[in-house]
Amino acid sequence: MNISKDQIEDLYKFTRQHFVEHFDLQTELVDHLANDIETIWVEQPNLSYIEARDKAFKKFGIFGFMDVVSQRQKAMGKRYNKYLWQEFKQWVTFPKLLITLSIFFGFYTLLSFSFASYVLGITFGLIFIWCLFKSILLKRQFKRRKTVSKKKWMLEEIIFKQAGVSGLILISQFPSLFRFLDELFLSQVMIIVWSSTITLFIIWMYVSFEYLPKKAEDLLKETYPEFSL
């Protein structure tokens, strides 16, 4: 006995009812459940669809789909980090290396003066405002995309939300570093460290907040062949 289209739709509804929000994972689970149900029917043809569905679901254990969701989140997180790292590496190769060096030497020069503390304060203030602004824009953009597609893809959500969360968390840690400002005026090494940190952080923010969201279509099509906005 083969599962019907109406039953496939019911399986999608069933996965949503069990806290699976993302369409890509719903599709994988529906396919898995449908195959299990058909296998169960071969062995027990008298079982109803609901009985076979519930029996297939029991194979996921007492936590249901939660373990599968957790595993997929880790897998998509790794994929996102791979994309992030691939783009980040471009900034230490020509021609983008010239931009990277310009940012570094710009901050190195500014931090060599006595007003270095003001430079750092203004820099991180501007970074915080920009991160907050971009986070709001990306969140709105993600909502619009979800409204158009009527579907929620896990990698898409990571691309449009991960940058904001991670960026704000990292920025919140920088004030604690300001206690080393006295060392900044005494050591060329600290000036190099601060200049490098700021440079890499700015590049990381640009890639995660600006570049990857713009490439979202290509990245999602690469990950999900069935993706269509």
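1. Phe124 is buried, at 8% relative accessible area. In this predicted model, Phe124 belongs to helix α6, which covers residues 116-149. Its C-alpha atom lies 8.9 Å from that of Ile198, although 74 residues separate Phe124 and Ile198 in the sequence. The value of 8% is under the 20% limit, and therefore Phe124 is counted among the buried residues.

2. Which element gives the largest share of the nonpolar patch? That element is α6, with 3 residues. Phe115 is partly exposed, because its relative accessibility of 37% falls between the 20% and 50% limits.

3. On the overall make-up, the chain has 10 helices and 0 strands. Read from the N terminus, the order of elements is α-α-α-α-α-α-α-α-α-α. Of its 229 residues, 41% are buried. The accessible surface amounts to about 13,500 Å², and carbon and sulfur atoms account for 62% of that surface.

4. Taking contacts between residues at least 6 apart in sequence, 73% are between residues at least 24 apart. Trp194 is part of helix α9, residues 188-214. Is Trp194 buried or exposed? Trp194 is buried, at 5% relative accessible area.

5. Helix α3 runs over residues 49-58 and includes Arg53. The buried residues of α3 are Tyr49, Ala52, Arg53, Ala56 and Phe57. Viewed down the helix axis, these residues fall within an arc of 135°, so they line one face of α3. Among the elements that cover the buried residues of α3 are α1 (5-17) and α2 (23-43).

6. Arg53 carries a charged side chain in name, but the point here is its placement: at 12% relative accessibility, Arg53 is buried. Which residues does Arg53 touch, not counting those up to four places away in sequence? They are Asp10, Leu11, Phe14 and Ile37.

7. Glu156 is another buried residue, with a relative accessibility of 1%. Glu156 is located in helix α7, which spans residues 154-173. Neighbours within four places in sequence aside, Glu156 is in contact with Phe142, Arg145, Lys151 and Leu220.

8. Phe19 has phi near 65° and is placed in the loop between α1 and α2. With 64% relative accessible area, Phe19 is exposed. Lys150 likewise has phi near 65°, and its place is the loop between α6 and α7. Lys150 is exposed, because its relative accessibility of 67% is over the 50% limit.

9. A further backbone point concerns a proline. Where is Pro95 found? Pro95 lies in the loop between α4 (66-89) and α5. The peptide bond leading from Phe94 to Pro95 is cis, and its omega is near 5°.

Definitions and conventions. Residues numbered from 1 in each chain as written. Predicted model: local features only at pLDDT ≥ 70, side-chain atom pairs only at ≥ 80, totals over all residues. Heavy atoms only, no water. Helix = DSSP H or I, 4+ residues; strand = E, 2+ residues; numbered from the N terminus. Buried < 20%, exposed > 50% of the residue type's maximum accessible area, 1.4 Å probe, protein only. Contact = heavy atoms within 4.5 Å. Arc of directions from axis to C-beta. Areas by Shrake-Rupley, 256 points an atom, 1.4 Å probe, with all protein chains shown as cover.
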